[in-house]
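Hi,

Here is the structure I promised to pass on. Please open it alongside this note, and my findings follow below.

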Amino acid sequence: MNSGVQQQKESFENIYTHSKNWEHWDSKDPLTRYLLDRRLQIGVDHLMERTNSSPADWDVLVLCGGVGGEGTVLANMGFRSVTVSDISENALQVCKVRDPRLKTQVLNGEKLEVADGSYDLVLVQDGLHHLPRPVLGLTEMLRVAKKAAIVIEPHAGIVANLLGTVWEDHGGTVNYVFRWNELLLEQATRSYLLQSPCYVKALRLWNHNIVMSRFAKKLWNKQAGLQAVKLSYLLLDLLFGKVGNMMIGVVIKNP
Ligand SMILES: C[S@@+](CC[C@H](N)C(=O)[O-])C[C@H]1O[C@@H](n2cnc3c(N)ncnc32)[C@H](O)[C@@H]1O
């Protein structure tokens, strides 16, 4: 195992043993739900529209899935089966208890011990930038995906360069915040898939849930907070989406 991967594993095993703060993933509060579900919903809606299908026809593997928050969102959307993977065994222990609908498997995102084309969809959210070799993580996703991959990761750009976090520190282990764009996604995908047909799209949008959540709490009631956040994201994406800080990459094999 690459030493960077080993360090991430040790840090996250420790974090998942000591932190018990995962209830937000199971929250029924409409604002929390909106903030947590939004990016996954946009990616999945785009995929379902492009493939003219419904989640019930798809088996999904989630990479770097932690305690299974994204897995729960996908299971709630009606995916046929959802497997959550992570390098941390402790995370997956929490996942199993949190949501017994989810299958779990310990996997290193850089070297998935899974056969080619094992899952219809392979998805990652806020995970590839924890790998020392994020592009290798992507090509592993493409190898294991039978039909499609969704990659929800930071987007490169001027604002991110000026204001974005460069280095993250989780429990003393540092990772570089690798930022994507459509050209990078397209080139990494086509280099790997060669001449087999594929659809590659990088949706670009704004995502700043901590700021939005603080803003919502300043308003007079929860309903007003939720509506204000929805409107803010709508306006941000409409007016400034082209410089957004987040990528929802969708790759469809043999479209
Ligand atoms: C910031 S957390 C995000 C977890 C989850 N996506 C979420 O939003 O709750 C990053 C996750 O990546 C996992 N991770 C780090 N390196 C990994 C690797 N090489 N393979 C698989 N998972 C890894 C960590 O254990 C951690 O759960």
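Predicted model: local features only at pLDDT ≥ 70, side-chain atom pairs only at ≥ 80, totals over all residues.

A polar contact here means a pair of N or O atoms within 3.5 Å.

In Y16, a polar side-chain atom lies 2.5 Å from an oxygen atom of the ligand, and for D86 the corresponding distance from a polar side-chain atom to a ligand oxygen is 2.6 Å. The protein buries 90% of the 590 Å² that the ligand exposes when taken alone.

Which residues come nearest to the ligand? Out of 19 around it, they are Y16, C64, E70, D86 and G109. By type, the shell divides into 8 nonpolar, 8 polar and 3 charged residues. Helix α1 (residues 3-18) gives the largest share of that shell, with 4 residues.

I also looked at the cysteines. How many disulfides does a search of the whole structure find? The count is 0. A disulfide needs two cysteine sulfur atoms within 2.5 Å. The sulfur of C95 has its closest cysteine sulfur in C64, and at 13 Å that is too far for a bond. C95 counts as buried because its relative accessibility is 0%, and C198 is buried too, with a relative accessible area of 11%.

Best wishes

Key. Residues numbered from 1 in each chain as written. Heavy atoms only, no water. Near = heavy atom within 4 Å. Polar contact = N/O pair within 3.5 Å; in protein donor to acceptor, adjacent residues only side chain to side chain. Areas by Shrake-Rupley, 256 points an atom, 1.4 Å probe, with all protein chains shown as cover. Helix = DSSP H or I, 4+ residues; strand = E, 2+ residues; numbered from the N terminus. Nonpolar A, V, L, I, M, F, W, Y, C, P; charged D, E, K, R; others polar. Buried < 20%, exposed > 50% of the residue type's maximum accessible area, 1.4 Å probe, protein only.
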